[in-house]
Amino acid sequence: MGRVLTEMVALVERGLRLVIWLLTAAMVAIVVLQVFMRYVLNAALSWPEELTRYFMIWSGLLAAVYAHNEGQHVGIGLILDRMGPRLRRVTQAVSHALIAALCALIAWQGAKSLPSYGEIKSTALRIPMDIIYAAVPVSFLLLALISVKLLIKPLASPRE
């Protein structure tokens with residue numbers, strides 16, 4: 001099971017990098033377009049600010065998933081570094097299990113609330129808001145998946 005999960009996470013990681021890159025590039029292009037339209041042509045558009053905000057939400061949450069997989073989130077390395085190998089493994093396992101459980105709960109609750117946003121449309125683009133709010137359950141489900149992978153990895157590795 002650990003190998004399948006690791007391969008699935010690797011596929012998700014490649015997809016995340018691409019989506020984050022595309023969202024960031026789109027945000028830059030949209031902002032440049034808005035600046036050009038507003039200050040050069042004196043004809044501001046109504047939708048760029050809204051769309052860049054939604055892209056920022058999605059890219060920020062997806063970047064958090066990517067950072068968690070890469071071990072780039074804030075941690076208390078000073079405490080872990082002072083622990084012995086066995087206690088460190090147990091502490092990390094408990095931490096990853098708690099993170100996975102909390103993220104799964106948030107994803108589940110977020111998914112449960114999505115239908116209530118389906119009727120609401122965004123102001124400028126008229127996008128159903130459940131598409132925007134779907135960033136929460138999608139990203140937290142991916143965070144839970146990464147946490148399970150990080151939980152299994154040290155348990156499956158040979159003892160130090």
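Colleague: What relative accessible area does Arg-53 have, and how is Arg-53 classed?
Modeller: This is a predicted model in which local features need pLDDT of at least 70 and side-chain atom pairs count only at pLDDT 80 or more, while totals for chains, interfaces and linings use all residues. Residues are numbered from 1 along each chain as its sequence is written, and side-chain values use heavy atoms, with hydrogens and water left out. Buried means under 20% relative accessible area, exposed over 50% and partly exposed in between (1.4 Å probe, protein chains only). Arg-53 has 38%, so the class is partly exposed.

Colleague: Which residue forms a salt bridge with Arg-53?
Modeller: A salt bridge needs a side-chain nitrogen of Lys or Arg within 4 Å of a carboxyl oxygen of Asp or Glu. For Arg-53 the closest N and O atoms are 2.6 Å apart. Both partners lie in helix H2, 4 residues apart, about one turn of the helix. The partner is Glu-49.

Colleague: What span does H2 reach from its first C-alpha to its last?
Modeller: Helices are DSSP runs (H or I, at least four residues), numbered from the N terminus. H2 covers residues 48-70, 23 residues in number.

Colleague: How many salt bridges does the whole structure hold?
Modeller: Side chains of opposite charge can pair when their charged atoms come close. Besides Glu-49 with Arg-53, Glu-13 and Arg-17 meet at 3.2 Å, N to O. Glu-13 is buried at 18%, whereas Arg-17 is partly exposed at 40%. The search of the whole structure finds 2.

Colleague: Which two residues form the aromatic pair?
Modeller: Rings of Phe, Tyr and Trp (its six-membered ring) pair if their centres lie within 6.5 Å; planes under 30 degrees apart count as stacked, over 60 as edge-to-face and the rest as tilted. The structure holds 1 such pair, and the pair is stacked, at 4.2 Å centre to centre with 25 degrees between the planes. It links the loop between helix H4 (85-113) and helix H5 (129-133) to H5 itself, 16 residues apart. The two are Tyr-117 and Tyr-133.

Colleague: Where is Asn-42 found?
Modeller: Asn-42 has a positive phi of about 55 degrees although it is not a glycine. Asn-42 is exposed, since its relative accessible area is 70%. Its place is the loop between helix H1 (2-40) and H2.

Conventions:
Helix = DSSP H or I, 4+ residues; strand = E, 2+ residues; numbered from the N terminus. Expected span 1.5 Å × (residues − 1).
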